[in-house]
Amino acid sequence: MKRLENKVAVITGGNSGMGLATAQLFIKEGAKVIVNARNSQRLSESSYLVEEGIRVIQADVSVKEELKDFFALIYKEFGKIDIVFANAGGGKVRPLEMIDDEHIDSIFNTNVKGVINTVQCALPYLSNDAKIILNTSVANVKGMPGLSVYSATKAAVRSLTRSFASELQPKGIRVNAISPGPIETPIFSKMDLTDDQQQEFASNVVSSVPMGRTGKSEEIATAVLFLATNDSSYINAFEIAVDGGMTQI
Ligand SMILES: NC(=O)c1ccc[n+]([C@@H]2O[C@H](COP(=O)([O-])OP(=O)(O)OC[C@H]3O[C@@H](n4cnc5c(N)ncnc54)[C@H](OP(=O)(O)O)[C@@H]3O)[C@@H](O)[C@H]2O)c1
């Protein structure tokens with residue numbers, strides 16, 4: 001039997017990278033999968049997602065009203081929500097002296113407020129033994145130049161994992177996080193870096209990974225699947241590092 005038969009899974013930021021790889025794995029495992037993202041052009045190019053059986057809906061996680069409508073629509077169409085992967089996020093590189101309000105607000109709005117909005121707006125529709133998985137980052141325990149705001153948001157999400165788990169445990173809902181190391185996704189092309197800077201950034205990061213390579217989105221998806229099933233039934237409020245040993249060795 002497939003591991004997610006009859007399950008309804010919602011993945012934020014699912015038109016790209018880890019969210020997309022997780023959506024594809026969940027479909028293979030028998031789930032009904034709904035993803036959102038913001039970028040209408042990329043979403044309209046996502047007809048292949050529809051062909052794969054993934055339901056695609058536009059919503060910005062930083063706008064609570066959009067998420068309320070998003071989850072209400074999912075409930076209307078699917079009748080329940082069993083799994084939420086709060087994955088949408090990103091950030092730009094800025095040295096300390098270049099940080100301004102716009103930089104802080106845009107990253108916090110998506111990475112922190114967006115995660116709170118996601119879990120809060122999903123809550124009325126969650127089934128009794130729902131699983132919630134948040135996407136943090138190795139940046140929440142590592143100091144990296146130019147990533148102070150992004151890293152702070154991911155430390156906040158690590159904290160939210162614990163708080164949400166303690167609040168939702170009485171309802172039988174488990175909340176865990178995955179903490180990816182450097183994973184090959186389009187995120188690096190969105191960080192306001194030139195091609196040369198991107199190359200330099202990537203090689204600097206990879207040199208600090210004991211396994212000596214970047215990870216693949218599929219290697220994140222399998223960890224999310226573990227947390228989304230009863231294979232992880234005694235794991236709660238925890239963060240799994242999927243980082244080639246970067247934060248441990
Ligand atoms: N790649 C890495 O090395 C790495 C490492 C650690 C943690 N992470 C985290 O992993 C998560 C996934 O990133 P990824 O690497 O897979 O990058 P990605 O390919 O750029 O995917 C990010 C996804 O989030 C969506 N998104 C961004 N802002 C959004 C918003 N306000 N509302 C709705 N959707 C939004 C994007 O779609 P639109 O732009 O169309 O909205 C896209 O679907 C992020 O939280 C990221 O911080 C990444």
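In the predicted model, helices α1 and α8 pack at an angle of about 55°, and their axes lie 8 Å apart. Axes are lines fitted to C-alpha atoms, for helices over the stretch in contact, and angles run from 0 to 180 degrees between N-to-C directions. The angle makes α1 oblique to α8, where under 35 degrees counts as roughly parallel, over 145 as roughly antiparallel, 65 to 115 as roughly perpendicular and the rest as oblique. The crossing of the two helices is right-handed, the near helix being turned clockwise from the far one by less than a right angle. On the α1 side, G17, M18, A21, T22 and L25 meet S217, E218, I220, A221, T222, V224 and L225 of α8 (contact: C-beta atoms, placed from the backbone, within 7 Å). By class, this contact of α1 with α8 comprises seven nonpolar, four polar and one charged residues. Ala, Val, Leu, Ile, Met, Phe, Trp, Tyr, Cys and Pro count as nonpolar, Asp, Glu, Lys and Arg as charged, and the others, Gly among them, as polar.

Residues are numbered from 1 along each chain as its sequence is written. As the model is predicted, local features need pLDDT of at least 70 and side-chain atom pairs count only at pLDDT 80 or more, whereas totals for chains, interfaces and linings use all residues. Helices (H or I, at least four residues) and strands (E, at least two) are DSSP runs, numbered from the N terminus.

The ligand is surrounded by 30 residues, of which G13, G17, R38, N39 and G89 are the closest (near: C-beta atom, placed from the backbone, within 6 Å). At least two residues of this shell are supplied by each of α1 (17–28), β2 (32–37) and α5 (101–122). The largest share, three residues, comes from α1. By class, the shell contains nine nonpolar, 17 polar and four charged residues.

Most residues other than glycine have a negative phi. N6, in the segment before β1 (8–12), has a positive phi of about 65°. N6 counts as exposed because it has 10 C-beta neighbours inside 10 Å (buried: 20 or more other C-beta atoms within 10 Å; exposed: 12 or fewer; partly exposed: in between; C-beta atoms placed from the backbone). A237, in the loop between α8 (217–228) and β7 (239–242), likewise has a positive phi, near 65°. With 16 such neighbours, A237 counts as partly exposed.

S208 is located in the loop between α7 (195–207) and α8. S208 is partly exposed, with 17 C-beta neighbours inside 10 Å. S208 and G244, 36 residues apart in sequence, are separated by 9.6 Å from C-alpha to C-alpha.

Key:
Contact = placed C-beta atoms within 7 Å.
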